[in-house]
Amino acid sequence: MKFNYKFVITAVFLLCTLLIAGCGSNSAPVESTPPETTAAPFSDSNVTSGIQSGTDVEALIGTWTLDKTVSTTDPDAAAVETEETRVYVFADNGTGSVTAADTSVSFEYAMQGNVLTFVTDAGAVEMYQTAFDEDGALLLTRINNDGTQQELVEYFVHPEE
């Protein structure tokens, strides 16, 4: 029996070519690979430890009642009427509660700079940009999941005692 080297070499070459082509077709094209991700803002913060840092943290502690809601896109617009009254209570140990109509939700909160993060007992996370106006009202602007801010600012005041 005579061994045909040309046939064997050609067969090995074709087999290797098919193997390389098969491996190359399983890799994702460059345009379909997801972009390199970056960490979410404040993802390194441990909100379960309560207040960590921030400006005006001491001013946040206490009871706050919703006074009005104002549009950020139209500064000349009148305040938006709200039917719901919400009351936030912030304790100095990093816990709090929000009461609205017939519901009350407990949460833990943390503040980094002017960003307030709530984590409710159910595990929901909410983020707000905070500020205080010249009259001492607490201004909360909700931060959406994509990092954008909502177009309404809620003004909270201390209730008259």
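A nonpolar core is here a set of buried Ala, Val, Leu, Ile, Met, Phe, Trp, Tyr and Cys residues joined through side-chain atoms within 4.5 Å. Buried means under 20% relative accessible area, exposed over 50% and partly exposed in between, with a 1.4 Å probe and protein chains only. The model is predicted: local features need pLDDT of at least 70, side-chain atom pairs count only at pLDDT 80 or more, and totals for chains, interfaces and linings use all residues. Residues are numbered from 1 along each chain as its sequence is written, and side-chain values use heavy atoms, with hydrogens and water left out.

**Nonpolar cores**
- The largest nonpolar core has 15 residues, and Y88, F90, L116 and F118 have the most contacts inside it.
- Two or more residues of this core come from each of strand 1 (62–71), strand 2 (86–90), strand 4 (103–112), strand 5 (115–120) and strand 7 (138–143); strands are DSSP runs (E, at least two residues), numbered from the N terminus.
- Strand 4 gives the largest share of this core, 3 residues.
- A second, separate core has 5 residues, including V70, L139, V153 and Y155.

**Contacts of L116**
- Beyond its neighbours within four places in sequence, L116 is in contact (heavy atoms within 4.5 Å) with L60, F90, Y109, A110, E126, M127, Y128, T130 and L140.

**T120**
- T120 lies in strand 5 and counts as buried because its relative accessibility is 14%.

**K68**
- K68 belongs to strand 1 and is partly exposed, at 33% relative accessible area.
- K68 and T85 are separated by 17 residues in sequence and by 9.6 Å in space, C-alpha to C-alpha.

Key
Helix = DSSP H or I, 4+ residues; strand = E, 2+ residues; numbered from the N terminus.
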